[in-house]
Amino acid sequence: MIGIGIDTGGTYTDAVAYDMDKKEVIAKGKARTTKEDLSIGICAALDSLPVELLGEARQVVLSTTLATNACVEGKGGRARLVLVGTNESVLHRIDAPVRYGFSYDDVRCIDVTGEFDGSSVVQPDWDAFIEENEDWLKEAQAFGIVEMNAARNGAVVERAGKKALAGKYHVPIIMASELVNKLNMMERGATAILNARLLPTIEDFLDSVERALRDRGVNASVSIVRSDGSLMGEEQTRQTPVETMVSGPAASVQGCCHLVGCDTALIVDMGGTTTDISLIEQGTPIKTKGIRIGNWRTQIPGVYIDTFGLGGDSAVKIGSDELFLSERRVEPICMAASRWPELCESFKKLLDDGGMWVRRELYEVLYLARDPQCLDNYSKNEKRLIEVLRDGPMVIGDQKYFEPYDLGVGRIAERLETEGIVMRCGLTPTDIMHIRGDFDAFDTHASELAATYVCKVVERYSTWQRSADGKTDQKVFHLSALCDDVYDLVKRKLFLNVVRILLEQQFPRAFANGVPTEVLKAFDTQWDYVKKSGRVPFNTKKPLIGLDFLATAPLIGVGAPTHIFLPDVAAALGTECIIPEHAEVANAIGAISARIIAQSSVIVAADWGPNGIKGYAVLLGDKRVYIKDRDAAENLACQHAKKDAEQKARQRGATGEIEITITWDEENSSASGVALLFKSIVTATARPK
């Protein structure tokens, strides 16, 4: 049987044709991801495969980094979150944006609570809440609702809130209890609002795939890789896109296990927007109970992925006295100029204008990615910018419509960029690859013009030299030095993040809150030594203490630009770098080789009284069953978990006989040094035999 794997990343869309019986790649292709219309890139990737294989395909499996990239870049739909059972002072005290990802402006709190064990509930006055917050609510494209005690009372407050909001606002409304069931209210809140923000992103993706397959006559079932590496169906994906948070990276891990089969390794997947690092121990990917990307802290389980903003399309920015890499993706100048050749003339004009030399990226370009259906909620300047960009792309330094960075064209574009309406083009490592000759798919001359602008405004990249006739002085620009520095920025950031991840894994208690910046700075010395001498610095001197950091596991590189940067990082760590065959399409291979796995967990909470445990509350979705006997309570939980897991597996496309396994977990608290049962968790795992 032939299967098609498709991976849509921030920069490239990959496709593979896969023989499901022989478990081997038959054909592969790659095309540029087109953010303004994803179907164009998907169609181009599919068209790179033999047409007869498309006709034979009976299964299509998708993976994507669109959700991952949206988390890193702060993009997504306009969502609002209602937290019931807390107040704004708590959010500020815990620094919610830093710890959990959601901003204060996107949240409203209702400070009512019931009994913590869920035995009684206090309902908010939903009509009064809606009336008081009408202006805030009407801007939302989707809502998330979280109740403090939902995991213990059947989420009755969330259900009432959803019903009240649905009566007035015809947008998706997500209850946190529909997604996760653990007790941490803020993590559940982050999960719910992130799901709401990702709805338009995933809907656009799935619609684009559907159009591409239909136009090519592909009649096959469609599944998508979840964050844990298993599959789910299209309908469920549209409702719970947060479960695809690390879909692409999870597929990458799956693909590497398929291609290499290492016992222990670090998988480094560098794309256009992010770099994702995963760990394999004893041939199995390490997993996490709650995915974290940037400041987002969720309760979605998945393959352990450490994602940070570094890729071929990371923006190269001009600092006060040196360059730095932004975490936000921009479209490379070379690619923009390939689409709009007239931009080169604008860059030349900018370079020839001697009166505009400021330390800002005036060569950057803005273009309209999509036209918003309604302009009511945009400012006057935002509407004006949209109108200008309808006529084509605009170089920010062009004073025809806006003063350069007056209240800033860049600042005006910020929200439009966040919502995917406007795209920015700028100087990136991809442009530097073109200048260096490591990559030549697009307009190298445009990259050189943008880099020359940087050289002209950053003193270290230019010198005055006397002309050959000795009569005049002229400025000479050192593009090679700029290219070297950008490559070093990428390698250094990659090296320090590998060090950080290994420290966190090796010493989880010491670095439970992350590795302090001051500690990482100590490893800059090791990188600088390797950069200068080309070798790891051990046995060079005998200091009081050595800071040499060496890895024992190999680094496996996947992703288009990885082969350029990873070998030097591996050398600095004294380990091996492996770039497997088909590494450039590993995500698509991982997607089509993934399988359906469904899990369901039921909590059995102990009810303590003065004389010990009085009974047990079994939390069964929308109801709470109280049973005095523990065995009876856990048996009921087991039956419910099995039934629910099988149902989920069927919904995700499983057919035939289903195999179900049960695992048990206990959470205890302590009093006077004695462990006391807090709750037990029954988890059923279903997979096709």
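Colleague: Which residues in H12 are buried?

Modeller: Start with the term: buried means under 20% relative accessible area, exposed over 50%, and partly exposed in between, with a 1.4 Å probe and protein chains only. In H12, the buried residues are Ser 247, Gly 248, Pro 249, Ala 250, Ala 251, Ser 252, Val 253, Gly 255 and Cys 256. Before we go on, note that this is a predicted model, in which local features need pLDDT of at least 70 and side-chain atom pairs count only at pLDDT 80 or more, while totals for chains, interfaces and linings use all residues. Residues are numbered from 1 along each chain as its sequence is written, and side-chain values use heavy atoms, with hydrogens and water left out.

Colleague: What makes a stretch a helix or a strand here?

Modeller: Helices (H or I, at least four residues) and strands (E, at least two) are DSSP runs, numbered from the N terminus. The protein has 25 helices and 33 strands.

Colleague: How do I check the length of H12, and what span should it have?

Modeller: The expected span of a helix is 1.5 Å times one less than its number of residues. H12 has 13 residues and should span 18 Å; its end C-alpha atoms are 18 Å apart, so the two agree. After H12 comes Gly 261, with a positive phi near 75°.

Colleague: Which strands form the open sheet of six, and in what order?

Modeller: Two strands pair if DSSP finds at least two bridges between them. Here the order is S3-S2-S1-S4-S9-S10, and the pairing is mixed. Strand S3 (24–32) and strand S10 (231–233) are the edges, each pairing on one side only. Within the sheet, S1 (residues 2–8) and S2 (residues 12–19) are antiparallel, joined over seven bridges. To find one of them, look at Gly 3, whose bridge partner in S2 is Tyr 18.

Colleague: What is the order of the open sheet of four strands?

Modeller: That order is S6-S5-S7-S8, with parallel pairing. Its edge strands are S6 (107–110) and S8 (173–175), and the twist averages 20° from one strand to the next. S5 (residues 79–84) and S7 (residues 142–147) pair over six bridges, and Val 84 stands opposite Glu 147 in S7. Helix H9 (residues 156–166) lies across S5, S7 and S8, at about 155° to S7.

Colleague: Is Thr 240 buried or exposed?

Modeller: Thr 240 counts as buried because its relative accessibility is 10%. Thr 240 is in the loop between helix H11 (234–239) and H12. Apart from neighbours within four places in sequence, Thr 240 is in contact with Leu 179, Asn 195 and Met 232.

Colleague: What radius of gyration does the whole protein have?

Modeller: The radius of gyration is taken over C-alpha atoms, and the globule rule is 2.2 Å times the number of residues to the power 0.38. For 689 residues, a compact globule would have a value near 26 Å, and the protein's 27 Å agrees with that. Buried residues make up 55% of the 689.

Notes: Axes fitted to C-alpha atoms, helices over the stretch in contact; angles between N-to-C directions. Contact = heavy atoms within 4.5 Å.
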